Amino acid sequence: MTRGLFITLEGGEGTGKSTQALRLTDRLKASGHDVVLTREPGGTPQGEALRNLLVSGDPGAWSANAEAMLNAAARETHVRQVIMPAIAAGKTVISDRFMDSTRVYQGFAGGADMSLIDALERAATHGLLPSLTLVFDLAPEVGLARAKARGTTNEDRFERKGLPFHAQLRKGFLLIARADPQRCAVIDASQSPDDVFSQCWSRVEEAMQRG
Ligand code: TMP
């Protein structure tokens, strides 16, 4: 059995990742792939419980180091119980966020200790790296306005961290993409949903050809 692809979607708030994750899932399924769509923090009952603690409430409730630890606990469970078994069974896994979110939200923008982040990443991912990471790039003013307009959930703890934090997120994700162009593709998320989808799909097709 061939191992399946592992695709992650990353970026700041309101960049349209979740919509595109669904569209990619539908397109891949329509072309005969077995797809698991999942998200972080989350993807398992334990991870979803940690997600509730992380994404709602007072923006200052957790330090960046504590956030990194909670995300790592959710990720380790997710990788071991969901992602690795699916890839081993030849399924394509699409995760709405993964390790780069911790590097950027907690590390680059949040100021967490980078040696802690490195150690947690090693333990949580079990050495698993995405085959492709789509980095959704958008001006933070636009993304935050979109996220606010959506405003249907109480998952706004990070949205409320203020514009300078969100400007750092954009910079951090672009730095990661530039440092690892083999794995990462920057997607211009300011375009229409159809155009954004075409950008994503052509990257996914390339990744499938690479195998
Ligand atoms: P979202 O997936 O709906 O964007 O919500 C998840 C939130 O959690 C988002 O604000 C980013 C944040 N987050 C982190 O801060 N670190 C992480 O490692 C992950 C996976 C998410």
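**Cavities and ligand site**

Mentor: This is a predicted model. In the lining of the largest cavity, nine residues are nonpolar, five polar and three charged.

Trainee: What is the volume of the largest cavity?

Mentor: The structure has two cavities of 30 Å³ or more. For the largest cavity, the volume is about 130 Å³.

Trainee: Which element gives the most to the lining of the largest cavity?

Mentor: The lining has 17 residues, and the closest to the cavity centre are Gly12, Thr15, Leu138, His166 and Arg170. Strand S4 (132-137), helix H6 (140-150) and helix H7 (163-179) are the elements that give two or more residues to this lining. With five residues, the one that gives the most is H7.

Trainee: Which elements give two or more residues to the lining of the second largest cavity?

Mentor: About 40 Å³ of space lies in the second largest cavity. Its lining consists of Ala68, Ala72, Arg75, Met99, Thr102, Arg103, Ile117, Leu120 and Glu121. The elements that give two or more residues to this lining are H3, H4 and helix H5 (114-125).

Trainee: How do the residues of that lining divide into nonpolar, polar and charged?

Mentor: Ala68 and Arg75 are among the residues that line the second largest cavity. The lining divides into five nonpolar, one polar and three charged.

Trainee: Where does the ligand sit?

Mentor: Around the ligand there are 14 residues, of which the closest are Glu13, Arg75, Arg97, Thr102 and Gln106. The ligand sits in the largest pocket.

Trainee: Which element gives the most to the shell around the ligand?

Mentor: Helix H2 (45-55), helix H3 (64-88) and helix H4 (99-108) are the elements that give two or more residues to this shell. The shell divides into four nonpolar, four polar and six charged residues. The element that gives the most, with four residues, is H4.

Trainee: What is the distance from an oxygen atom of the ligand to an N or O atom in the side chain of threonine 102?

Mentor: For glutamate 13, a side-chain N or O atom is 2.7 Å from a ligand oxygen atom. For arginine 97, the distance from a side-chain N or O atom to a ligand oxygen atom is 3.0 Å. For threonine 102, the corresponding distance to an oxygen atom of the ligand is 2.5 Å.

Trainee: What percentage of the area that the ligand exposes when taken alone does the protein bury?

Mentor: Taken alone, the ligand exposes 480 Å². Of that area, the protein buries 91%.

Methods. Residues numbered from 1 in each chain as written. Predicted model: local features only at pLDDT ≥ 70, side-chain atom pairs only at ≥ 80, totals over all residues. Heavy atoms only, no water. Near = heavy atom within 4 Å. Polar contact = N/O pair within 3.5 Å; in protein donor to acceptor, adjacent residues only side chain to side chain. Areas by Shrake-Rupley, 256 points an atom, 1.4 Å probe, with all protein chains shown as cover. 1 Å grid on protein atoms, 1.4 Å probe; cavity = no way out; pocket = protein on both sides within 12 Å on 5 of 7 lines; lining within 4 Å. Sits in = over half its atoms within 2 Å of the grid points. Nonpolar A, V, L, I, M, F, W, Y, C, P; charged D, E, K, R; others polar. Points joined across faces, edges and corners; volume = space filled by probe spheres on them.
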